[in-house]
Amino acid sequence: MHAVSPCPLLSDSSSPLIDWTTMAAPREPEVIRDKAAMRAWSRRRRAEGKTVAVVPTMGYLHQGHLSLISAAAAAASADPVAIVVTIYVNPSQFAPSEDLATYPSDFAGDLRKLASTGVVDAVFNPPDLYVRGAGRRGAASGGAISCLEEAAGDGHETWVRVERLEKGMCGASRPVFFRGVATIVSKLFNIIEPDVAVFGKKDYQQWRVICRMVRDLDFAIEIIGSEIVREADGLAMSSRNVHLSREEREKALSISRSLVDARTGALKGNTDCKQIKNKIVQTLTETGGQVDYVEIVEQESLVPVEQIDGPVVICVAAWFGKVRLIDNIEIDTRS
């Protein structure tokens, strides 16, 4: 079993696209829907001397997800690895006003993509991971309510919070999001009992929240942050990109371009965060975006900074049409 290690500060490079046809022969992963069966499967793999690696997803897989699988396959240099991909759209991280009902899905297509990698051993696709009750429950603390609470009544009521890191950025505009993420990831960890878990760094705040949760709750799991995978034109890959019109997609390229320009400027000495943020907001607004936030924060603590003088990450969220996109870029002016 892998020893627990802190999340590393990785480089700001993006992951290349993966041609799985040159790496492994296609093979169908086993589909598991029952929690007890999933836990038993993992324990059998560990008894065989294998490292169990999990890649949590909500499905509608793209090359970014497949890059996480590549990172999982490389996670165990000495031991053979058994890879589990979870496909579960988690209702507790969506507010009733958000896009749970329209979140894209293509389970058959996902299975074909996973089979093409030749390295995925199992797919955990449970019908539901929450206890559903009767009646209707009121809002959670702070007035926020998730789709789960709206539908589950007096059922599930236990939540995992990472109280400081979940505040700000995505947590400000999506108050139930990180509570739902931390809770469902905890549930998946308890069911699958992995040695390694891989998360994409496009969801930077989410990655850091999971790292902190694993540290604070003593999960014996190594968390790997995998680099952002981009389209050829620079747009960060996302399952939500499918909802962009051609015009909106072209305008959305201003996110990655403004981030690259900001990094280039910072490395040349323009390290004033207020100026950098104002420029990004101006660029996105002029191209038709509605900015949710632009923040420059220390990479691990996510504390906002006024001057770039160490490892930081610029995080952006903006709406183009009805689609909310997030992206980020890491910068370290010391290197």
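**Pairing, packing and cores**

Reader: Which residue is the bridge partner of A317 in β9?
Author: A317 has I326 as its bridge partner in β9. This is a predicted model, in which local features need pLDDT of at least 70, side-chain atom pairs count only at pLDDT 80 or more, and totals for chains, interfaces and linings use all residues. Residues are numbered from 1 along each chain as its sequence is written, and side-chain values use heavy atoms, without hydrogens and water.

Reader: What makes β8 and β9 a pair of strands?
Author: Strand β8 (residues 311-320) is joined to β9 by 10 bridges; pairing requires at least two DSSP bridges, so the two strands pair. They run antiparallel.

Reader: Why do β7 and β9 stand at the edges?
Author: The open sheet of 3 strands has the order β7-β8-β9. Because β7 (290-298) and β9 (323-332) each have a single partner strand, one side of each lacks a neighbour in the sheet. From one strand to the next, the twist averages 10°.

Reader: Which residues touch the most other members of the largest nonpolar core?
Author: They are V84, F124, F189, M213 and I223, in a core of 47 residues. Helix α6 (residues 177-192) supplies its largest share, 10 residues. Another core, of 24 residues, lies apart from it and includes L259, I276, I280 and I314. Core members are buried (under 20% relative accessible area, 1.4 Å probe) and joined through side-chain atoms within 4.5 Å.

Definitions and conventions. Helices (H or I, at least four residues) and strands (E, at least two) are DSSP runs, numbered from the N terminus. Axes are lines fitted to C-alpha atoms, for helices over the stretch in contact, and angles run from 0 to 180 degrees between N-to-C directions. Buried means under 20% relative accessible area, exposed over 50%, partly exposed in between (1.4 Å probe, protein chains only).
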